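Please read them beside the coordinates.

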Amino acid sequence: MRPRRDPLDHPWLFGTIAALYAVSIPWWFGSERPSVVLGMPSWAAFALLATFAVSVLTALACLRLWDDGEASDGACRRDDNAES
Amino acid sequence: MSFGTAVTAALAAYVAVLAFVGLRARAARTSGSLADFYLAGRRLGPVVLAFTLYATQYSGNTLVGYPGEAYRMGFSWVMSVGFMLAVVVVYLVIAPRLRAASVRHRFVTPADWLDARFGSPALTRVTNLLMAAAIVNYLLAQLMAMGHVVAGLSDGFIPYAAGVLVLAAAILGYELLGGLRAVAWTDCLQGGLLAIGLFGLLTATFLSGDGLAAAADWVLENEPAKGFRPPGPVLATWASTILLIGFSGAVYPQAIQRVFAARSGRSLRQALAFMSFMPFLTTLPVFMVGILALPRLAGFEGIAADQVLPSLLRDWAGESPWMFAMCLVTVVGVIAAIMSTADSVLLTLSSMLAKDLAGPFLRWRAAGAAVAESRITGIGKIASLAIMGVLAAVALTPRISLWGLLELKMELLVQAAPVFVLGLTWSGLRARPALAGVIAGTLLAAGLTLAGYHRIAGLHAGLLGAMLNALVAAAGSLAFWPRVRAAGK
C-alpha cells in the first residue's frame with residue numbers, strides 16, 4: 001500500500017535533512033573559547049539554528065509532500081465497531 | 001501555605017479532574033470492540049491527535065531527566081532538541097505507508113502490520129516481545145519519575161511510595177473507564193498543563209534574575225568543559241543519539257497505534273507538522289533550565305541529576321508570590337506529562353497482551369469459532385491491572401537514574417526499527433532475514449551492554465546492534481531476491 005504522494009519520492013528532502021543534521025553537530029568549530037551568541041556558545045547556537053531548519057522542512061514535507069489519497073476528513077469512519 | 005502543601009492540594013484537584021474525564025470518556029464509548037477501546041473508534045481529529053502524540057512522546061524523562069543531563073553535560077545537551085526532532089523525521093519515512101496500510105487492513109496493534117506485511121508468526125512474536133520489553137522499562141521509568149517529582153516537590157509531604165501508588169491508581173482508574181478515548185482526552189488536558197508549566201518555567205527562569213547569557217559566561221569561566229566545543233567522543237555520541245532516539249522513538253508501539261487511531265490522513269499530517277516544532281517549545285526550555293542550574297546550584301556538591309529541577313523549583317518558589325504560582329503550575333504540568341506517557345504505554349501494553357497474546361489463544365480454544373471482541377477487551381483491562389501492580393511494586397525500590405532507564409529502553413526498541421523502516425520502504429525485505437537481523441542485533445546490543453560496553457567509540461551499543469540487524473536483514477533478503485523476482489515474473 002502506498003500513499004498517492006509520499007515524501008520518500010523526494011530524495012532531496014532527506015539529503016537536505018541529513019546535511020543539516022551533519023552541520024548541526026559542531027565537528028567543524030574550533031576548540032578555542034567560543035563567543036556567546038543568543039545566550040549560548042556560538043557552536044550551540046548554530047546547532048539550534050540548523051535544527052530549526054530541519055523542523056521547518058519536516059513540517060512543510062508533512063503538509064505539502066504527503067497525500068494519502070483519503071477522500072475526506074471522514075475517510076476512516078467505516079464502522080469497525082461490530083464485534084467479530 | 002507552604003509550597004509542599006500547595007503541591008499536595010493542586011495534585012488532589014488534578015486527580016479529581018482526571019476521574020471526571022474518565023467518566024465522560026466511558027459515556028462516549030460506542031461499543032465494546034477493540035478498536036473502540038484501544039483506538040478511540042479511529043476518530044482522533046488533528047488537535048486531539050497532536051496533543052496525545054505530544055503528551056506521549058514528551059515524558060518524565062524529558063522534564064525531570066533532561067534538565068539533569070544539561071546540568072551534568074553542559075551546552076552539548078543542546079543535542080536533545082535535535083534528537084527529539086529526529087523522531088518526527090523518521091515518521092516522515094514510515095508514517096505515510098503505515099497509515100495507508102492501516103486504512104485498508106484496520107490494524108489495532110503494531111503486530112497486525114507485521115502479520116500483514118510478513119505473514120511470519122515468529123517475526124511478529126519476537127518483534128512484539130522486544131517492543132513490550134522496551135516499553136515495560138519505559139513505564140517503570142514513568143512510575144519512578146512520579147514518585148521522585150511528588151516527593152521532591154511536596155517537600156516530603158507526600159512520600160515517594162505514596163506518590164507512585166496514588167498516581168498509578170489514578171491512571172488505572174480513568175484508563176479502565178475510557179480506554180484510548182480517556183487517555184487522549186486527558187492527554188489534551190495534560191498537554192495544555194505541560195505548555196502552561198513550561199511557560200511558567202520560562203517565566204520563572206527570567207524572573208529569577210539569571211540570564212542565559214550570564215549563565216553561559218559563568219560556565220565558560222568556571223566549568224569550561226561544559227561550555228567549550230565538546231571533544232570527539234562526545235560528538236560521536238551526539239550523532240549516535242540522534243540516530244538511536246530517532247529510529248527507536250518512531251517505533252514506540254503507542255505512537256504507532258496513534259497512526260492507526262487518526263480520523264484521517266489529513267489529521268495525522270497536521271499533527272506531525274505540529275510535532276515538528278515541539279522540541280523547541282519543550283526540550284529547549286528544559287535544556288535552558290539545566291544550564292541555568294549550573295551557576296545557581298554551584299555550591300551544592302553531589303546533587304543527583306533527577307533532583308535538579310525539583311531543587312530549582314523549590315528555590316524559585318520562595319522568591320515571590322508570582323514565582324510561587326508559576327512554580328506550582330510547573331509542578332502540576334510536569335506530573336501531568338509523566339502521567340500522560342505512563343497511561344499511553346500501559347494501554348498499549350494491555351492491547352498487545354490482550355489482542356496479540358490472549359486473542360489467538362482464545363480463538364484456538366474456541367476451535368476457530370468467533371470470539372467476542374468485548375471479551376478480549378475485558379482481558380486487556382485485567383492485564384492493565386496486573387502490569388500496573390507489578391511495576392508499581394518494582395518502582396518502590398528504585399536503583400537507577402531516569403536517563404539510565406531511558407537508554408536501556410532505547411537499546412532494545414531500536415532493534416525493532418529495521419523491520420518497520422525497511423519493511424515499509426523496501427518490498428524486497430523477507431521475513432526470515434528480518435528475523436535473523438532482529439536476533440543478531442538484539443544479541444549484539446544486549447551482549448555489549450551487559451559486558452559494560454554501553455558505547456564503542458562514542459556509538460551506542462543499541463545503534464551498533466541495529467546496524468548489524470539492518471545489514472543481516474538486507475543481505476539475507478538480497479540473497480533471496482533473484483528467487484523472489486523469478487517468482488514474480
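**Notes on the model**

1. In chain B, F51(B), Y54(B), Y58(B) and F274(B) are joined into a cluster by ring pairs. Rings of Phe, Tyr and Trp (its six-membered ring) pair if their centres lie within 6.5 Å; planes under 30 degrees apart are stacked, over 60 edge-to-face, and the rest tilted. Over all chains, this rule gives 18 aromatic pairs.

2. The model is predicted: local features need pLDDT of at least 70 and side-chain atom pairs pLDDT 80 or more, totals for chains, interfaces and linings use all residues, and side-chain values use heavy atoms, without hydrogens and water. Residues are numbered from 1 along each chain as its sequence is written, with chains lettered from A and ligands numbered from 1 in the order in which they are written.

3. W113(B) pairs with F118(B) edge-to-face, at 5.9 Å centre to centre and 85° between the planes. Both W113(B) and F118(B) are buried (under 20% relative accessible area, with exposed over 50% and partly exposed in between; 1.4 Å probe, protein chains only). W113(B) is also stacked with F420(B), because their ring centres are 5.0 Å apart and their planes at 25°. W113(B) belongs to helix 6 (residues 110-118) and F420(B) to helix 18 (residues 417-425) of chain B, so this pair ties together parts 307 residues apart in sequence. Helices are DSSP runs (H or I, at least four residues), numbered from the N terminus.

4. Two charged ends sit over rings: R117(B) over F118(B), 4.5 Å from the ring centre, and K226(B) over Y71(B), 5.5 Å from the ring centre. The rule asks for NZ of Lys or CZ of Arg within 6 Å of the ring centre and within 35 degrees of the ring normal.

5. Three cavities of 30 Å³ or more are found in the whole structure. A cavity is a set of points on a 1 Å grid over the protein atoms alone where a 1.4 Å probe fits but cannot get out; lining residues have an atom within 4 Å of a point. The largest cavity holds about 80 Å³. Among its 13 lining residues, Q57(B), Y66(B), M84(B), Y252(B) and M410(B) are closest to the centre. Helix 4 of chain B gives the largest share of this lining, three residues.

6. The second largest cavity has about 40 Å³. Its lining includes S24(A), A47(A) and T51(A), together with W238(B) and I242(B).

7. No disulfides are present over all chains (cysteine sulfur atoms within 2.5 Å). C62(A) is buried at 1% relative accessibility, whereas C188(B) is partly exposed at 21%.

Technical notes
On a 1 Å grid over the protein atoms alone, a cavity is a set of points where a 1.4 Å probe fits but cannot get out, and a pocket is an open set with protein on both sides within 12 Å along at least five of seven lines; lining residues have an atom within 4 Å of a point. Grid points are joined across faces, edges and corners, and a volume is the space filled by probe spheres set on the points. Helices (H or I, at least four residues) and strands (E, at least two) are DSSP runs, numbered from the N terminus.
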